Amino acid sequence: MTEVDLNADLGEGCGSDAALLQLVSSANIACGFHAGDAQTMVACVREALKNGVAVGAHPSFPDRENFGRTAMSLPPETVYAQVLYQIGALEAIVRAEGGRLRHVKPHGMLYNQAAKEPALADAIARAVHAVGPELILVGLAGSELIRAGARYGLQTREEVFADRGYQADGSLVPRSQPGALITDEQQSLAQTLEMVQHGRVKSITGECATVNAQSVCIHGDGEHALAFARRLRDEFAAQHIKISA
């Protein structure tokens, strides 16, 4: 039986967090730099642990004004310190609530830049390793972040996106360009199944890119995230795909 992780980015101010935590296997919780705050983090952690969902930190560039989607050129040591700070904050909350932090997945532009920039990827992987070598580093399938994690001896988890367009090299279409977001639910569903079952995705230019789909992301801030998560779970069950962190 095929097995895949189903994750969602949570704690970002959306009203569907509690419902999504009944459907996903992993939660990436915002750590305050792009969204969320201490109270939100505590509430999300409690709800995730109550539902047996694996808790992960979702660190970002310091960019609340633009939801972490502003490109930044920061020194690696600055990124290392910022990521360390954010992971540490969530890890303390998870421990206080009787759980343990399982993974780290960068957010937004930090995630996208680290997919292509080795120095940035290295700073993130180094911070994750410093907090806990047992933590899983989640990154875009085939990216520099996955390679950096492997260099530090971290377990990595390669991620694909149900609702994002892909380029021929397996990278995501930038949000500023046409085709970045897939709004048709049936198209998202078909793309997800193709990635999970066959390890490939059709790019916006028509070529197929190879992907290792170990985890599928559902954006918790999406307008129809909850309905799509339910439909995806039903389709996975019909296709004998097991959801597990």
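What percentage of the 245 residues in the chain is buried? Buried residues make up 51% of them, where buried means under 20% relative accessible area, exposed over 50% and partly exposed in between (1.4 Å probe, protein chains only). This is a predicted model, in which local features need pLDDT of at least 70 and side-chain atom pairs count only at pLDDT 80 or more, while totals for chains, interfaces and linings use all residues. Residues are numbered from 1 along each chain as its sequence is written, and side-chain values use heavy atoms, with hydrogens and water left out.

**Fold and dimensions**

- The chain contains eight helices and ten strands; helices (H or I, at least four residues) and strands (E, at least two) are DSSP runs, numbered from the N terminus.
- The chain is as compact as a globular protein of 245 residues, because its radius of gyration is 16 Å, close to the 18 Å given by the globule rule. The radius is taken over C-alpha atoms, and the rule is 2.2 Å times the number of residues to the power 0.38.
- The C-alpha trace spans about 40 × 35 × 35 Å along its principal axes.
- Of the contacts (heavy atoms within 4.5 Å) between residues at least 6 apart in sequence, 66% join residues at least 24 apart.

**Surface and charge**

- The chain exposes about 10,500 Å², of which carbon and sulfur atoms supply 49%; accessible areas come from the Shrake-Rupley method with a 1.4 Å probe.
- The 21 positive and 28 negative charges have mean positions 3 Å apart. Lys and Arg count as positive and Asp and Glu as negative, with His and the chain ends not counted; a charge is placed at NZ of Lys, CZ of Arg, CG of Asp or CD of Glu.

**Aromatic pairs**

- Two aromatic pairs are found in a search of the whole structure. Rings of Phe, Tyr and Trp (its six-membered ring) pair if their centres lie within 6.5 Å; planes under 30 degrees apart count as stacked, over 60 as edge-to-face and the rest as tilted.
- Phe33 and Tyr85 form a tilted pair, at 5.9 Å centre to centre with 45° between the planes.
- Phe33 is in the loop between strand S2 (26–30) and helix H2 (38–50), and Tyr85 is in helix H3 (residues 76–96), so this pair ties together parts 52 residues apart in sequence.
- Phe33 counts as buried at 18% relative accessibility, whereas Tyr85 counts as exposed at 57%.
- The pair of Tyr111 and Phe161 is edge-to-face, because the ring planes are at 90°, with the centres 5.7 Å apart.
- Tyr111 belongs to helix H4 (residues 108–114) and Phe161 to strand S6 (residues 155–161), so the pair ties together parts 50 residues apart in sequence.
- Tyr111 is buried at 3% relative accessibility, and Phe161 is buried at 4%.
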